[in-house]
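Morning, everyone. One structure today, and I'll keep it brief. Have a look at it while I talk.

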Amino acid sequence: MILVLRKNISEKEFDAIIKRIEELKLKPHISRGEERTIVGIVGDSRTKELEHWEELPGVEEVIRILKPFKLASREFKKENSVIEIGNGVRIGGNEVIVIAGPCSVESEEQILTAAREVKKRGAKILRGGAFKPRTSPYSFQGLKEKGLELLKLAKKEIGLPVITEALSIAQLEKVAEVADIIQIGARNMQNFALLETAGKMKKPVMLKRGMMATMEELLMSAEYVLSNGNPNVILCERGIRTFEKYTRNTLDISAIPMLKSLSHLPVVSDPSHGTGKRNLVIPVSLASVAAGADGLMVEVHPEPEKALSDGAQSLTPEMFGDLMERVRKVAKAVGREIT
Ligand code: PEP
Ligand code: MN
């Protein structure tokens, strides 16, 4: 349920509305737009429905959101959410933000070289996994805390904000100390306890679509983070599992405009995990930007053939340069920019 407040609402009226919401043990989510302030109310739907919100002074309109996700919905917020990352980087505005770096942080030299190479070619955010969710317990699990330290070093030396994954609640604080964006991976998309805890933080969260998740399920997961108080959520389409075997996953291009129409949250596309194949990353990146993605997340390794994870889908720095050049043209053609 959304209360659209009158333009000239007094402070006293506003406070009374918030007080009433809290008295009913419901949660107010305030969003101050340029034109109007709106208050989203979440909590027990029976209590919500019984109240005569229309009659509260200062309320202009009451909108009932029929979708199961509320705070994530376009009905709740008409304008696109723009998430401030730091270093002047913002995701969700007119600029398409490119996130790049290796799948895993492997060594000081590897992450510093990767950071330097991608920054030089226009990446705005550095990626690199310290805690890695691997199918096999015998595969490289990431450098863990040491990986976080190296990311911190790369951030300082090269000057790019970083994104890295937290696999568990126990890792969240540690990851948040270094990361500018906390990544919640596909395998954890419905780890509701993790989502709730990330929701109690202020740090931006990038939530990746689960490999068997519908868009509605992705948005419901985003709702967990939002309803716990963290408005800084970025959605990521990274491919879903289908019967197709030539690609690692099937990147759902249609999810990009669909999510953008259902939600005000920024949408990033990950063509690396989406395809699993280096030679498909550029064309699928172009398609993603054409379809309206607010960002791309691309795996780039100084020496992909030596990568400890996801080498087959990692680009060389030179290929990444080619990607940037081509993606800039598509961005321009669809009225976006990449600086
Ligand atoms: C990743 O980005 O490194 C990753 C593990 O992605 P996903 O959770 O989408 O598989
Ligand atoms: Mn990877």
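Ground rules. This is a predicted model, where local features need pLDDT of at least 70, side-chain atom pairs count only at pLDDT 80 or more, and totals for chains, interfaces and linings use all residues. Residues are numbered from 1 along each chain as its sequence is written, chains are lettered from A and ligands numbered from 1 in the order in which they are written, and side-chain values use heavy atoms, with hydrogens and water left out.

Overall fold. The chain holds 11 helices and 14 strands. These are DSSP runs, numbered from the N terminus: H or I with at least four residues for helices, E with at least two for strands.

Burial next. Of the 339 residues, 57% count as buried. Buried means under 20% relative accessible area, exposed over 50%, and partly exposed in between, with a 1.4 Å probe and protein chains only. Now contacts, meaning heavy atoms within 4.5 Å. Among contacts with a separation of 6 or more, 69% join residues 24 or more positions apart.

Domains. The assignment gives domain 1 as 2–63 and domain 2 as 83–333. Such bounds come from an automatic or database domain assignment. The C-alpha centres of the two domains lie 36 Å apart.

Glycine 58 sits in the loop between helix H2 (45–50) and strand E4 (59–63). Is glycine 58 buried or exposed? Buried, because its relative accessibility is 5%. Beyond its neighbours within four places in sequence, glycine 58 contacts Val4, Leu5, Arg6, Ile9, Glu13 and Ile17. Asparagine 188 is 130 residues from glycine 58 in sequence, and 41 Å away in space, C-alpha to C-alpha.

Now helix H10, residues 278–290. Its buried residues include Val281, Ile282, Val284, Ser285, Leu286, Ser288 and Val289. What do they pack against? Helices H8 (255–262), H9 (271–275) and H11 (317–333), plus strands E13 (267–269) and E14 (295–299). After H10 comes glycine 292, with a positive phi near 110°.

Positive phi turns up in residues other than glycine, too. Lysine 144 has phi near 55°. Lysine 144 lies in the loop between strand E8 (125–127) and helix H4 (145–158). With a relative accessible area of 36%, lysine 144 is partly exposed. Aspartate 310 also has a positive phi near 55°. Its loop runs between E14 and H11.

Last residue. Threonine 250 is in the loop between strand E12 (233–237) and H8. At 27% relative accessibility, threonine 250 is partly exposed. Not counting residues up to four places away in sequence, threonine 250 touches Glu237, Gly239, Ile240, Thr242, Glu244 and Gly274. Proline 133 is 117 residues from threonine 250 along the chain, with 20 Å between their C-alpha atoms.

That's the tour. Over to you.
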